[in-house]
Amino acid sequence: MDLYEAMLNRRSHRFYKPDMPPREALERVVNAGLWAPSGTNAQAWEITVLAGKARDEFVALCSKSFPYLEPLLEKAGVPEKGRQMVKGFFKDLGGAPVVMAVTIYKAPDPEMQMANIQSGAALMQNLLLAAHAEGLGTCWMTGVLYVEQELLEFLGKPHQQLLAITPIGYSAKEPPVPPRKDREVKWLGF
Ligand SMILES: Cc1cc2nc3c(=O)[nH]c(=O)nc-3n(C[C@H](O)[C@H](O)[C@H](O)COP(=O)(O)O)c2cc1C
C-alpha cells in the first residue's frame with residue numbers, strides 16, 4: 001500500500017467483525033510498531049496483544065472508564081445520542097477480537113518522559129498504519145486512561161505508564177471521515 005494512501009485513508013474504527021485476524025498479520029503489525037523511531041533509540045516501550053479470555057477481561061476493565069468520561073462529554077456538548085454511542089464502544093471496544101496495549105517506561109525526569117511518550121506515539125501510529133495496510137481497523141484510545149492503574153495491574157506492568165490501547169480487527173462498518181481543520185502552516189524563508 002502506498003504510504004500516502006495509508007496516511008490519508010486510515011480511519012478510527014469502532015465496529016468490528018468477530019473474525020480473528022491471522023497471527024502473522026498481527027506479528028507484522030507489531031513489528032512495524034517496534035521499528036518506530038525512539039529518543040536515543042531507547043525503545044522504552046512494550047506492547048501487549050490480548051485475545052480470548054485475556055481480551056475479554058481487559059475490555060471489561062476498560063469499560064470502567066466510561067463513567068469518568070461521560071460528564072466530560074456532556075460538558076463538551078456531546079449530545080445524548082453521541083454519549084450513548086461512546087458508551088457502547090467503551091463497553092466492548094466494538095467487538096474487536098484483539099486489543100493491543102502500548103506501555104512505556106517511566107523516565108527519571110519530565111524531558112526524558114516526554115521523549116518516551118513521543119516515541120510511544122510514533123509506535124502507535126506505525127501500528128495503526130501497518131494494520132490499515134493489512135486490511136485491519138484500529139482506534140487509538142486514551143479514554144481508558146481513567147482506569148490506567150487497574151489496566152496496568154492486569155497487564156502485570158504496574159510500574160509502567162499506559163500510553164494508549166487500540167482494538168484491532170476487521171471493520172464491520174465504514175467510519176465517517178472526520179474533517180481536518182485548516183490550521184495555519186507557516187512557511188518561513190521560502
Ligand atoms: C491520542 C488519541 C487519543 C484518542 N482517544 C480516543 C478514545 O479514547 N476513544 C475514541 O473513540 N477515539 C479516540 N481517538 C480517535 C480520534 O477520535 C480520531 O483519531 C479522530 O476523531 C480523527 O478520526 P480518524 O482517526 O478516523 O481520522 C484518539 C486519537 C488519538 C490520536
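1. A residue counts as buried if 20 or more other C-beta atoms lie within 10 Å of its own, as exposed if 12 or fewer do, and as partly exposed in between. Keep that scale in mind for this predicted model. In helix H6, the buried residues are Asn116, Ser119, Gly120, Leu123, Met124, Leu127, Leu128, Ala130, Ala131 and His132. An α-helix has 3.6 residues a turn, so residues three or four places apart point the same way.

2. Now the helix itself. H6 runs over residues 110-133 and has 24 residues. From its first C-alpha to its last, H6 reaches 34 Å, close to the 34 Å expected at 1.5 Å a residue. Just after H6 comes Gly135, with a positive phi of about 80 degrees.

3. What covers the buried residues of H6? Among the elements that do so are two helices, H1 (3-9) and H2 (23-34). The cover also includes the strands S1 (45-51), S2 (98-104), S3 (137-138) and S4 (161-169).

4. Look next at how H2 meets H6. Their axes are 7 Å apart, and the two helices pack at an angle of about 145 degrees. The crossing of H2 past H6 is right-handed. H2 brings Arg28, Val29, Ala32 and Gly33 to the contact, while H6 brings Leu123, Asn126, Leu127, Ala130 and Ala131. Six of the residues in this contact are nonpolar, two are polar and one is charged.

5. Which residues have the most contacts inside the largest nonpolar core? They are Val99, Met100, Val102 and Leu127, in a core of 36 residues. At least two residues of this core come from each of H2, S1, helix H3 (52-62), S2, H6 and S4. In soluble globular proteins, nonpolar side chains tend to be buried together.

6. Leaving aside neighbours within four places in sequence, Val102 is in contact with Trp45, Ile47, Gly120, Leu123, Met124, Leu163 and Ala164.

7. Leu136 sits in the loop between H6 and S3. Is Leu136 buried or exposed? Leu136 counts as buried because it has 24 C-beta neighbours inside 10 Å. Its contacts, leaving aside neighbours within four places in sequence, are Pro21, Ala25, Ala131, Ile168, Gly169 and Tyr170. Leu136 and Tyr170 are 34 residues apart along the chain, yet their C-alpha atoms are separated by 5.0 Å.

8. Gln161 is part of strand S4. Why does Gln161 count as buried? It does so because 20 other C-beta atoms lie within 10 Å, and the cut-off is 20 or more. Not counting residues up to four places away in sequence, Gln161 touches Thr103, Ile104 and Lys106.

9. Phe15 belongs to the loop between H1 and H2. Phe15 is partly exposed, because 18 other C-beta atoms lie within 10 Å. Leaving aside neighbours within four places in sequence, Phe15 is in contact with Gly94, Ser171, Ala172 and Lys173. The C-alpha atoms of Phe15 and Glu80 are separated by 19 Å; the two residues are 65 residues apart along the chain.

10. Backbone angles deserve a check. Most residues other than glycine have a negative phi, and most peptide bonds are trans. In the loop between H2 and S1, look at Thr40 and Gln43. Thr40 has a positive phi of about 50 degrees although it is not a glycine. Gln43 also has a positive phi, near 50 degrees, and is not a glycine. Thr40 is exposed, because 9 other C-beta atoms lie within 10 Å. Gln43 counts as partly exposed, because it has 17 C-beta neighbours inside 10 Å.

11. Helix H4 (residues 66-75) has 10 residues, and one is buried, so H4 lies largely in the open. Just after H4, Gly77 has a positive phi of about 85 degrees. Helix H5 (residues 80-92) has 13 residues and reaches 19 Å from its first C-alpha to its last, close to the 18 Å expected at 1.5 Å a residue. Just after H5, Leu93 takes a positive phi of about 45 degrees.

How values were computed: Residues are numbered from 1 along each chain as its sequence is written. This is a predicted model: local features need pLDDT of at least 70, side-chain atom pairs count only at pLDDT 80 or more; totals for chains, interfaces and linings use all residues. Helices (H or I, at least four residues) and strands (E, at least two) are DSSP runs, numbered from the N terminus. The expected span of a helix is 1.5 Å times one less than its number of residues. Two residues are in contact if their C-beta atoms, placed from the backbone, lie within 7 Å. Axes are lines fitted to C-alpha atoms, for helices over the stretch in contact, and angles run from 0 to 180 degrees between N-to-C directions. A crossing is left-handed if the near helix is turned anticlockwise from the far one by less than a right angle, and right-handed if clockwise. Ala, Val, Leu, Ile, Met, Phe, Trp, Tyr, Cys and Pro count as nonpolar, Asp, Glu, Lys and Arg as charged, and the others, Gly among them, as polar. A nonpolar core is a set of buried Ala, Val, Leu, Ile, Met, Phe, Trp, Tyr and Cys residues joined through C-beta atoms within 7 Å.
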